[in-house]
Protein chains: 2
Amino acid sequence: MNTQLIDVDSSQVTSCTHDFQVNCSNCRLSSICLPFSLEATEIDELDRIVQRSKPLQKGQHLYRESDVFESVFAVRSGTIKAYRTTDDGREQVTGFYFPGEILGMDGISNNAHASSAKALETASVCEIPFNSLEKLSASMPQLQRHFFQIMSREITEDQQLITLLSKSSADERVAALLLSVSTRNSRRQLSATQFRLSMSRVDIGNYLGLTVETVSRVFSRLQKLDVLAVENKEIEILDIDALRKIADAQ
Amino acid sequence: MNTQLIDVDSSQVTSCTHDFQVNCSNCRLSSICLPFSLEATEIDELDRIVQRSKPLQKGQHLYRESDVFESVFAVRSGTIKAYRTTDDGREQVTGFYFPGEILGMDGISNNAHASSAKALETASVCEIPFNSLEKLSASMPQLQRHFFQIMSREITEDQQLITLLSKSSADERVAALLLSVSTRNSRRQLSATQFRLSMSRVDIGNYLGLTVETVSRVFSRLQKLDVLAVENKEIEILDIDALRKIADAQ
DNA sequence: CGTCATGTTGAATGATCTCAAGTGCGGTGG
DNA sequence: CCACCGCACTTGAGATCATTCAACATGACG
């Protein structure tokens, strides 16, 4: 009896999950992830090489440092944290990847991943085998250009982080991260002022080159200044102009 | 009379300069700059799109932030400094480029350079128009792969710098820079232990996220420890193992 | 209800920055 | 040839900001 009920339930669940046929042309993230300039037939070709098999549990790895590099990945849902481990065992978070964003490109140069990637919450990704992507790119100039651009953007963003880490105060760093999350959220039609930070304070500190305590103090300070309303991981930006001022200050 | 002398001199000089026909196949930097895997005929094809017209004086710009992106550049001689200017006018050095190394790829994503590039001393570069490079890449899988790899390496190196800036002490940062210069020198068959730093202390400090004074103090300290011999810009690494230890410490 | 992980807050320490003065070298002009 | 100037670099002393260490709070979970 019970078994039957469960069976019925699970079949219902299956039909209700997001497991329906997703492809690049109907993916609502394609405007972030894909070049606008591809033709429908080209998108179909790309679609054929993309593998959508990998749902990740919180804490599960997408790949690890020095794994053989085979694919790049596009985030479909959830958040992925990329980090490297230094020789002496310290961890350095190098980026957070949100839906529509692409990661894994640091593995191309040595054919081995230069960082590890881990799900901060349940996440799904599209796997794009790099060999196929290369071949396809050779025959699709727009796709080739798109990947050059995506890699170039990664460089640009890393350089922004370098600038941040090189000069800025704790307040500026935290403010800049929040603004980055904010703009990336609005790109996905989500609220630019209210969101849940999927990463821990430790991860934030690590990413920004600060200790947990300092991050926590900055949140408290910005809350006291009525710039933020902080409730654990839930963040509301109350005064985004003030936040911008803090991020750019000095 | 005088004029004649000068004429004679200048013609002699001309015949003695490095202005002889340089091309990719006879360039002694090709092992760094070029993919090994290209065939002779392919190298010739690449050679045809490379422009070698630009000798730069010290302080002269190769390109400036927000210039239209048209080409990437390979350094042939001298050192190029890349830097960005933040909204509030501060400068951030994002990299130093030595002979054989390629810069300018951060301009691809927005079709505008994301940084400025300036010669730290007299320098010559090869200009590689990106449009031609793209076209050529489409028909030469090895070249396409090579450029993906070069960009990937840029990402990897930026991430190393991020790690450095995020955690390390002043000693570690300076040691790491010196080791980086050292290995890049030996890649070019130059001494790994004795070299001239073409960049100023200000630039070093800026790159490493330190003040000039701190950089200077670190040099003094490492000299006192007999790890380095410093004479202005001339550096000798006396104890490279100790330097490595300092770079990795903690 | 207790345990563990995560986050917050406080007080003291310490590394780097800031400010200020001084050194040394290359170039210029007398 | 020497004196002077400017610039890059060095050195010192005090101030500042993030870290460290420690205690405490909160929340998830068995």
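A salt bridge is taken here as a side-chain nitrogen of Lys or Arg within 4 Å of a carboxyl oxygen of Asp or Glu. In the predicted model described below, B:R145 and A:E134 form such a pair across the two chains, and their closest N and O atoms are 2.5 Å apart. Between chain A and chain B, the count of salt bridges is 4, and 22 residue pairs, both members at pLDDT 80 or more, are in polar contact. Side chains of opposite charge can pair when their charged atoms come close.

On the side of chain A that touches chain B, the elements giving two or more residues are β5 (91-97), α4, α5 (141-167) and α7 (201-208) of chain A. Of the elements on this side, α5(A) gives the most, with 20 residues. By residue class, the side of chain A that touches chain B divides into 15 nonpolar, 19 polar and 14 charged residues.

The extent of the contact was then examined. Chain A contributes 48 residues to the contact, and chain B contributes 48 residues. The size of an interface is often given as the accessible area lost when the parts come together. For chain A and chain B, the buried area is about 4,400 Å², and carbon and sulfur atoms give 52% of this area. Within chain A, the residues that lose the most area to chain B are A:F148, A:Q159 and A:I162, which together account for 16% of what that side buries.

Over all chains, the structure holds 19 salt bridges. One that lies within chain A joins the side chains of A:E101 and A:R187, at 4.0 Å from N to O. Because A:E101 is in the loop between β5 and β6 of chain A while A:R187 belongs to helix α6 (residues 170-187) of chain A, this pair ties together parts that are 86 residues apart in sequence.

Turning to the sheets, chain A has an open sheet of 4 strands, arranged in the order β1-β8-β3-β6 with antiparallel pairing. Strands β1 (51-56) and β6 (102-103) of chain A are at the edges and have a single partner strand each, so one side of each is left without a neighbour in the sheet. Strand β3 (residues 71-77) of chain A is joined to β6(A) by 2 bridges, the two strands running antiparallel; here A:F73 stands opposite A:L103 in β6(A). Helix α4 (residues 130-139) of chain A lies across β3 and β8 (123-129) of chain A and runs at about 55° to β8(A).

In chain B, strand β7 (residues 116-119) is joined by 2 bridges to strand β2 (residues 61-63), and these strands run antiparallel. Strand β7(B) also pairs with strand β4 (residues 80-85) of chain B, again in the antiparallel sense, over 4 bridges. The residue B:A117 in β7(B) stands opposite B:Y63 and is likewise the bridge partner of B:A82.

The antiparallel pairing of β9(B) with strand β11 (residues 234-237) of chain B extends over 3 bridges, and B:Q194 has B:E236 in β11(B) as its bridge partner.

Methods:
Residues are numbered from 1 along each chain as its sequence is written. Chains are lettered from A and ligands numbered from 1 in the order in which they are written. This is a predicted model: local features need pLDDT of at least 70, side-chain atom pairs count only at pLDDT 80 or more; totals for chains, interfaces and linings use all residues. Side-chain values use heavy atoms; hydrogens and water are left out. Two strands pair if DSSP finds at least two bridges between them. Contact means heavy atoms within 4.5 Å. Axes are lines fitted to C-alpha atoms, for helices over the stretch in contact, and angles run from 0 to 180 degrees between N-to-C directions. Buried area is the accessible area (1.4 Å probe) that two parts lose on being put together, summed over both. A polar contact is a pair of N or O atoms within 3.5 Å; within protein, one must be able to donate a hydrogen and the other to accept it, and residues adjacent in sequence count only if both atoms are side-chain atoms. Ala, Val, Leu, Ile, Met, Phe, Trp, Tyr, Cys and Pro count as nonpolar, Asp, Glu, Lys and Arg as charged, and the others, Gly among them, as polar.
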